[in-house]
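Colleague: I have not worked with this structure before. Could you take me through it?
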Amino acid sequence: MIKRVKGTQDFLDLTLFNFIIEKISHHLALYRFSQIATPIIEHTELFTRSLGTATDVVSKEMFLIEHRGDGQHEDQEIEHICLRPENTAPIVRAFIENGIQTIPWKVFAWGPMFRYERPQKGRYRQFNQISMEIIGAASIAEDAQFIMMLDRFFHETLQMNNYAILLNFLGCPQDRVKFKEKLRAFLDKLGTAVCANCMERKDKNIMRIFDCKISTCQELYQNAPHIADNLCPTCEQEWNAVQLQLQMLSVSYVYKPTLVRGLDYYSKTVFEFASNQLGAQNAFCAGGRYDGLVKELGGAEDQPSLGAAIGIERLMLILENYISRLALPQKQALQVVVPMGTAEQSLALILADVMRASGLCVEVLLEGDSMKSMMRKANKLGAAHCLILGSDELASKTVTVKNMVTGEEKRMPQVEVVGFLSAFAKVT
Ligand SMILES: [Zn+2]
Ligand SMILES: [Zn+2]
């Protein structure tokens, strides 16, 4: 048997998945976001340029696509293509490539992303994200509104309450240059007390030491300098403003000085929505500001921007704990037409066709079994009613309608069936 690829999953019931998509689409429309879609494959360079080669995503987790070529076109260039590991860089690329002029550009997109990570609970190699981006929005008040928008969605629309908003401020590039020096001096003092990985991070991507999973490292970093304590006057003002605005909007957050986010392009505000119901993988939504990215990817002008992504699988894991609280769409009542023999099958198909045209959900049992086993089958399917068509019914243009809950049977003219069942559906 050929099995699915490691780290992927088959969705056999999309009710909750579609519910999330529908609710977030509606919610984001209230904030004037419109939906877009970008390709699943992109040039690898898009991510090496935006995320940075020193990040795990780019250095270890990319799904690279090898193109075999058809051997007929000698001028065929070798294309370095990958499966997208995230969707901010592709959306920024789309903004630049399509020459978008209307700013701020407020868009969202959802779909699968790909990262070659060790699979575990809530973490897949193919996973789905909803990405929301505002390109061309410099005001720091946008950050507060953005975080509020997400908080309202999780708290009010999805009725979640077991999560925390973690917040940090990474300053401008100049702040980070200075801070990295300070951090390096701090690490120099620690010497070899930190793990080998952190020693490597010190040279390659020093801010990422805070993501170290080793507890001895984490203990040492409790005394590390905080970037938010090392901001230029403008950034400091913005950091104060975003906190004040969140407080005024009644959005509670936790300042987490070690939150740096894994990706290179973030600046200023960064945040995560974390749930204790997810174990180690506790963030189900994360994002921040990326003021330099548009220019970095070839945009003509600087476009201060911000965005976030929601991990759909992780959100589903949380929601499954209290699914009864959610107003998930109910399945329509099922009506099962039961023709007793081949002679009644054509009539059964016609009757079902008429019923569906009136919006009823209908299954026809065409396997031609005994009455008893067909009724058992209808029951198993969860039928509300069975519509039995035998030779008597065929001759008299009637149908026997059996209520599968009460067991009550009623024979009526075929033309009255739709009216009867529609009225019944309205009552229940
Ligand atoms: Zn600054
Ligand atoms: Zn470490």
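Modeller: One term is needed at the outset: a residue counts as buried if 20 or more other C-beta atoms lie within 10 Å of its own, and as exposed if there are 12 or fewer. Please also note that this is a predicted model.

Colleague: Which residues of α9 are buried?
Modeller: In α9, the buried residues are C235, E238, W239, V242 and L246. Around the axis they cover an arc of only 100°, so they lie on the same side of α9.

Colleague: And which exposed residues are on the face turned away from that side?
Modeller: That face of α9 carries P233, Q237, L244, Q247 and M248, which are exposed.

Colleague: What covers the buried residues of α9?
Modeller: The covering elements include α5 (141-157), β7 (163-169), α6 (173-190) and β9 (267-275).

Colleague: What span should α9 have, and how far apart are its ends?
Modeller: Helix α9 has 16 residues, 233-248, and at 1.5 Å a residue it should span 22 Å; its end C-alpha atoms are 22 Å apart, so the two agree. After α9 comes S250, with a positive phi near 55°.

Colleague: Changing topic, how is the chain divided?
Modeller: There are two parts: domain 1 (15-172 + 232-325) and domain 2 (334-423). Their C-alpha centres lie 51 Å apart.

Colleague: Which residues have the most contacts inside the largest nonpolar core?
Modeller: They are I130, L150, F273 and C285, in a core of 80 residues. Leaving aside residues up to four places away in sequence, C285 touches L150, F273, A308, A309 and I310. A second, separate core has 20 residues, among them L351, A378, C386 and V399.

Note on methods
Residues are numbered from 1 along each chain as its sequence is written. Chains are lettered from A and ligands numbered from 1 in the order in which they are written. This is a predicted model: local features need pLDDT of at least 70, side-chain atom pairs count only at pLDDT 80 or more; totals for chains, interfaces and linings use all residues. A nonpolar core is a set of buried Ala, Val, Leu, Ile, Met, Phe, Trp, Tyr and Cys residues joined through C-beta atoms within 7 Å. Two residues are in contact if their C-beta atoms, placed from the backbone, lie within 7 Å. Domain bounds come from an automatic or database domain assignment. Helices (H or I, at least four residues) and strands (E, at least two) are DSSP runs, numbered from the N terminus. The expected span of a helix is 1.5 Å times one less than its number of residues. The arc is that of the directions from the helix axis to the C-beta atoms.
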